[in-house]
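Hi everyone, thanks for making time this morning. Let me put the model up on the screen, and then we can walk through it together.

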Amino acid sequence: MGVVLFILFVQIAYVTISTIRLIVMMKGNAKLASVVSFGEVFIYMLGLATVLENIDVWYNLVVYCFGFALGVYTGSLIEEKMAMGYVTVQVITRKEDTDMPQQLRNAGFGVTSWVGEGLSGERLVLMVLTKRKRQKELVDKVKQVDSQAFVVSSEPKTFIGGFWMRRVQ
């Protein structure tokens, strides 16, 4: 039973660390990602060696696979809590006369707005850059002002300039 638990926990740890390493790397921190990858591979080799030593017991392989699945889930939860990076949120509202841009600015968000043309008339379009940790707060604020607003978010890879750049960093 000790071998089974070891395999499970090692696999959960390996995949969780692997997920975090991938996220850190995609956010542009190659040095930290390379340090994390050392631990990742070390843990991977421990788990794989244990499974291969005990390959004659079929459920060790099943536990190894189950640990992988739990590791993906655990890594995803941790990534959500870390919420590294930024999001660009585009808001389209029918209310051209709304004070939503100012309300969002008052809440500490940087907002650029313009009037656009929708299927049935003019729309106010807002582009907001914020830290991912504040994305839910931003969306909740938008919903308070206009529950019918169309909201799309994406993760920018690079951004340069802007008057509030010092505040974002």
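Let me start with a question: within how many Å do the axes of α1 and helix α3 (residues 58-82) come, and at roughly what angle do they cross? They come within 7 Å and cross at roughly 35 degrees. Before going on, a word on the source: this is a predicted model, where local features need pLDDT of at least 70 and side-chain atom pairs count only at pLDDT 80 or more, while totals for chains, interfaces and linings use all residues. Residues are numbered from 1 along each chain as its sequence is written, and side-chain values use heavy atoms, with hydrogens and water left out.

Helices (H or I, at least four residues) and strands (E, at least two) are DSSP runs, numbered from the N terminus. Axes are lines fitted to C-alpha atoms, for helices over the stretch in contact, and angles run from 0 to 180 degrees between N-to-C directions.

Back to the helices. α1 passes α3 in a right-handed crossing; a crossing is right-handed if the near helix is turned clockwise from the far one by less than a right angle, and left-handed if anticlockwise. The residues of this contact between α1 and α3 divide into 18 nonpolar, 9 polar and 1 charged. Here contact means heavy atoms within 4.5 Å, and Ala, Val, Leu, Ile, Met, Phe, Trp, Tyr, Cys and Pro count as nonpolar, Asp, Glu, Lys and Arg as charged, and the others, Gly among them, as polar.

Now the other partner. Helix α1 (residues 2-26) and helix α2 (residues 30-53) have axes that come within 8 Å and cross at roughly 155 degrees. Contributors to the contact include Phe6, Ile7 and Tyr14 of α1 and Leu32, Ile43 and Tyr44 of α2.

Is glutamate 79, buried or exposed? This residue of helix α3 counts as buried, at 16% relative accessibility; buried means under 20% relative accessible area, exposed over 50%, and partly exposed in between (1.4 Å probe, protein chains only). Leaving aside neighbours within four places in sequence, glutamate 79 is in contact with Ile23 and Arg132. Methionine 26, in helix α1, counts as exposed at 54%. Alanine 49, in helix α2, is partly exposed at 35%, and its C-alpha atom is 9.7 Å from that of isoleucine 7, 42 residues apart along the chain.

On to the sheet. It is an open one of 4 strands in the order β2-β3-β1-β4, with antiparallel pairing; two strands pair if DSSP finds at least two bridges between them. β2 (110-118) and β4 (150-154) stand at the edges with a single partner each, so one side of each is left without a neighbour in the sheet. Neighbouring strands are turned by 20 degrees against each other on average, direction ignored.

β2 and β3 pair over 9 bridges and form a hairpin with 2 residues between them, with glycine 118 opposite glycine 121 in β3. Strand β1 (residues 86-93) is joined to β3 (residues 121-131) by 8 bridges, and isoleucine 92 has valine 125 as its bridge partner in β3. Finally, helix α5 (residues 135-145) lies across β1, β3 and β4, running at about 155 degrees to β3.
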